[in-house]
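Student: I've got a model open and I'd like to go through its sheets with you. Can we take them one at a time?

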Amino acid sequence: MKNYSLSILGKTSFFLCLLVLVVGCSDDARKSNAILSEQSLPWVESSSNLTPASVAINTFDSAPNGTILSPVGAGVDLYRGQSLTFEAMATDPDGDTNLSYSWSFGAYMPAVAAQTATVKFDTVGVIAVQLNVRDSTGKLDPTPDTIVINILNETDPNPVPTPIPDPNPGPNPAPTPEPNPNPNPNPEPNPNPDPNPGIVGTQELPITVAVDKNLSNDIVEVDLIAMESKVEFSPGVFSNVYTYNGVIPGPLIKTKVGDTLIVNFTNNLPEPTTIHWHGLRLPADMDGSTVAQNPIQPGESFVYQFQVHDAALFWYHPHVRSNAQVEKGLAGTLLVENPDSAIPAAEVSQEIMIFDDILLDPTGQVTEAFSGTPEEILLEKINGREGNVFLVNGKVAPSIPVEIGKTQRWRIVNIANTRFLRLSIPNVEFTRVGGDEGLLYTPEPNLKSIFLVPGQRADVVFTPTGVAGDSIPVIWTDTSRGRHSISIVNGEVIMGHDHFDGVQPEREILTLNLIDPPALATAFTPPWVMEPVTVIDTTNAKTASFTFSHGMPMPNGMVDFYINGKTFAEMTVDDALDVQNGDIFIWDLVNMSGGDHPFHLHGFFFQVIETIETDVDGAVLRKYAPNQVENLDTVNLPRRPGVMGTKTTVRIAIDFSPGLGRTVEDTVAFGGVSAITNGDILSGVRGQSGGWQFHCHILEHADTGMMSFFELR
Ligand SMILES: [Cu+2]
């Protein structure tokens with residue numbers, strides 16, 4: 001066994017190696033050993049000579065900073081019901097050997113504090129096991145070992161993959177008189193048959209929580225590793241995915257207002273990536289967009305560090321080839337809590353609900369972005385990608401217990417590439433208490449459904465009623481958003497109205513199993529005023545206008561999406577809007593196209609002033625304003641109200657004043673897409689000056705050009 005040295009902050013350093021002993025649980029012991037030796041541990045030393053007592057795993061390479069050599073790919077395969085014994089051995093150069101060890105197993109099972117831990121795995125799925133070692137001063141080894149374990153359901157070590165989703169279109173809900181050569185551009189699986197009988201009945205929706213390895217009360221420090229993994233969305237079928245730390249969704253990062261978040265990020269993907277912190281007001285050089293940061297290359301690391309200021313649910317995802325990387329699994333949540341919230345944690349039962357959909361092929365693999373025939377490629381570009389499998393917290397059609405009479409607070413995020421989310425529960429009325437950027441000024445009660453475009457969040461409460469033993473579905477309902485049909489006839493692209501738009505079959509994506517509460521539950525009613533909102537004063541605002549449109553679809557599958565008539569790739573710094581620190585702006589976001597576009601602004605809040613529909617001559621057809629002023633980072637731009645030439649304009653206000661720890665200094669050499677650099681990001685003053693992106697959050701549209709940026713000076 002080899003020991004590799006790690007150098008860490010300051011004087012302390014550990015010598016660490018990790019031992020995994022297989023202690024089979026009775027009958028399965030031999031099988032377990034066989035599996036480990038034959039197929040599952042490419043990174044094990046002397047894999048030809050495995051015995052149950054001496055499987056040594058080198059979790060670190062010889063790099064002085066202790067780069068994690070493994071896991072790459074699947075990691076360890078185990079069967080449900082089997083046990084693994086983990087043994088950690090570390091020597092402390094301080095010589096007092098007063099080390100403490102703890103193991104974390106995501107949210108699936110409790111953490112264990114010991115040098116040796118034997119753990120039985122009863123949950124099918126992917127579990128990242130992390131080892132944390134502290135020295136006598138309490139200082140944590142900054143590079144904990146992580147092992148990814150696939151817990152399999154089958155007893156056959158080589159299960160024959162069975163197709164899960166039915167990629168064929170469901171039955172046509174209504175015959176249509178108009179000829180449509182391609183009636184269903186976004187194939188839906190048959191809505192009725194149980195898509196995943198082996199997973200239905202899951203009693204919980206665990207989300208792995210990132211381990212905070214920093215002792216300071218106001219610093220949260222976590223490690224994220226982007227890696228290739230396998231997950232079992234359907235029993236026995238392993239999908240090759242991308243994950244943060246081996247789990248889908250990525251680890252939940254828990255912080256409180258004012259905390260400094262440090263994320264030690266390593267890219268173990270075979271392609272470059274970044275992390276964008278969706279909705280966060282952070283320094284420009286931490287934003288992770290491609291005008292803020294050069295992509296992090298495979299094998300490279302990057303430290304994201306910023307303070308969190310707003311109590312809300314945020315999420316993080318790549319900003320490089322985001323349509324492909326997010327679809328393959330890279331997305332996680334960041335919760336910033338306010339200990340003095342108007343909704344005390346003790347009053348409600350809080351759940352984080354991460355909704356997604358993915359497009360799996362008949363073998364259970366994620367379909368490549370923009371693949372297939374030119375017609376299929378155009379459909380994915382024009383309409384965005386909608387998947388055939390719905391995921392709630394990474395699970396297919398899960399069930400969760402819900403206490404009757406106990407108010408549920410659901411923090412919902414829609415991380416789908418494209419799918420608009422309209423959720424309802426029969427006989428339930430929701431009260432929306434918060435959105436993208438935290439609690440509303442006043443609650444919005446009596447809502448029959450919750451609507452979220454990709455990227456948006458909602459904070460809702462409701463109180464379930466009924467009888468213990470009842471099961472209640474959570475239903476997704478389609479929304480008309482301007483989907484198009486595409487056909488290529490004689491080398492000519494014909495784009496038409498899609499009669500499936502808004503009428504796709506309903507789907508039951510989650511089941512609530514009603515249970516009696518342990519004591520008499522009392523419903524919680526949020527206060528009438530929850531959080532003050534500062535209305536942006538636009539008296540002396542500057543103005544800017546951005547049009548959202550697309551070019552002609554070509555028979556070879558090409559189509560460009562534009563902001564102000566250009567794709568992002570065509571833009572130079574000369575195209576970027578100039579913004580001065582302290583400016584107040586009114587932006588007109590003008591949708592000229594026949595489809596909706598969810599607009600997302602990086603790094604700053606905005607407030608919607610009004611929405612204006614105009615005819616071809618510019619005359620106002622209709623105007624409407626939101627119910628209340630709300631801070632947003634994502635808003636839907638509804639499609640034009642009529643024929644080409646009509647427009648829908650969403651008018652927003654943005655305050656570019658520095659603050660929140662952000663100064664006006666520009667610490668990074670920006671200059672737009674042609675001159676990006678990482679700069680020396682961890683030294684000096686941290687500014688909000690720099691390049692900031694805004695784009696459509698239908699990721700296929702963003703990737704096809706509907707993305708722009710401004711320069712803040
Ligand atoms: Cu769009």
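Student: What order do the strands have in the open sheet of four strands with mixed pairing?
Tutor: Strands here are DSSP runs of E with at least two residues, numbered from the N terminus (helices are runs of H or I with at least four). Two of them pair if DSSP finds at least two bridges between them. By the way, this is a predicted model, where local features need pLDDT of at least 70, side-chain atom pairs count only at pLDDT 80 or more, and totals for chains, interfaces and linings use all residues. Residues are numbered from 1 along each chain as its sequence is written. With that in hand, the order reads β12-β11-β14-β16.

Student: Which strands are the edge strands there?
Tutor: Look for strands that pair on one side only. Those are β12 (237–244) and β16 (301–307).

Student: How many bridges join β11 to β14?
Tutor: β11 covers residues 219–234 and β14 covers 260–267, and the two run parallel. Within this pair, I219 stands opposite T260. The number of bridges is eight.

Student: Now the open sheet of six strands: why is one side of β33 and of β38 left without a neighbour?
Tutor: The order is β33-β32-β35-β40-β37-β38, with mixed pairing. β33 (561–563) and β38 (620–624) stand at the edges, so each has just a single partner strand.

Student: And what is the bridge partner of K542 in β35?
Tutor: Strand β32 (542–550) runs parallel to β35 (584–591), and seven bridges join them. Find K542 and look across to β35: the partner is F585.
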